[in-house]
Amino acid sequence: MLSKQEKELIVEIWTGLTPVADTIGAEALLRMLTSFPGTKTYFAHLDITPRSAYLLAHGQKIVLALADASKDMGNLMTNLGPLQTYHAYQLRIHPTNFKLLSYCMLVTLACYMGQKFTPVSHAAMDKYLSAFSAVLGEKFR
């Protein structure tokens, strides 16, 4: 699905963003919670105000998981297995929510990266986030 150049570009983007993982992740999460209020049901008992400690911590986990998984895109199913099981069976996150977060992550990356988020970067990242979302949502029942 992804060319060698696209894979390298994705790894480069995520590697560059890991120092600001909490900021990027929190912004994408907040964008999702604001744009798609139904997603708040999973976070109703938590402080999801802008720049809250929870939002920053969870956002960082998301970005670091995306960055880590990008290093071995050929084995997403295996590498994301524990996250897949946790989100499907314990948290019971509906797969649509992963797609919504992916959309919001793309917008956040475009805002944060500006001119560096080229059409080629956007297309590659969209493919990667789609694959990531599909894997995370696959076990949901």
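Predicted model: local features only at pLDDT ≥ 70, side-chain atom pairs only at ≥ 80, totals over all residues.

The tour goes from the pockets to the core and then to the salt bridges.

Residues are numbered from 1 along each chain as its sequence is written, and side-chain values use heavy atoms, with hydrogens and water left out.

**Stop 1: the largest pocket.** Select F43, H58, I62, H87 and L91, the closest to the centre of this pocket among its 28 lining residues. The space here comes to about 670 Å³. A pocket is an open set of points on a 1 Å grid over the protein atoms alone where a 1.4 Å probe fits, with protein on both sides within 12 Å along at least five of seven lines; lining residues have an atom within 4 Å of a point. Helices are DSSP runs (H or I, at least four residues), numbered from the N terminus. By type, the lining splits into 20 nonpolar residues, seven polar and one charged.

**Stop 2: the second largest pocket.** Now pick L9, E12, I13, Y112, M113, K116 and S121, which line a pocket of about 160 Å³. Helix 1 is the top contributor, with three residues.

**Stop 3: the core.** Next, show W14, M105, L109, M125 and Y128, which have the most contacts inside the largest nonpolar core, a set of 43 residues. Such a core joins buried Ala, Val, Leu, Ile, Met, Phe, Trp, Tyr and Cys residues through side-chain atoms within 4.5 Å. Buried means under 20% relative accessible area, exposed over 50%, and partly exposed in between (1.4 Å probe, protein chains only). Centre on M125: leaving aside neighbours within four places in sequence, M125 is in contact (heavy atoms within 4.5 Å) with I10, I13, W14, L106, L109 and F117.

**Stop 4: the salt bridges.** How many are there to find? The structure holds two (a side-chain nitrogen of Lys or Arg within 4 Å of a carboxyl oxygen of Asp or Glu). Start with K127 and E6, at 3.0 Å, N to O. K127 lies in helix 7 and E6 in helix 1, so this pair ties together parts that are 121 residues apart in sequence. K127 is partly exposed at 30% relative accessibility, while E6 is buried at 15%.

Finish on E27 and R31, whose side chains meet at 2.6 Å, N to O. Both lie in helix 2, four residues apart, about one turn of the helix.

Conventions:
Points joined across faces, edges and corners; volume = space filled by probe spheres on them. Nonpolar A, V, L, I, M, F, W, Y, C, P; charged D, E, K, R; others polar. Helix = DSSP H or I, 4+ residues; strand = E, 2+ residues; numbered from the N terminus.
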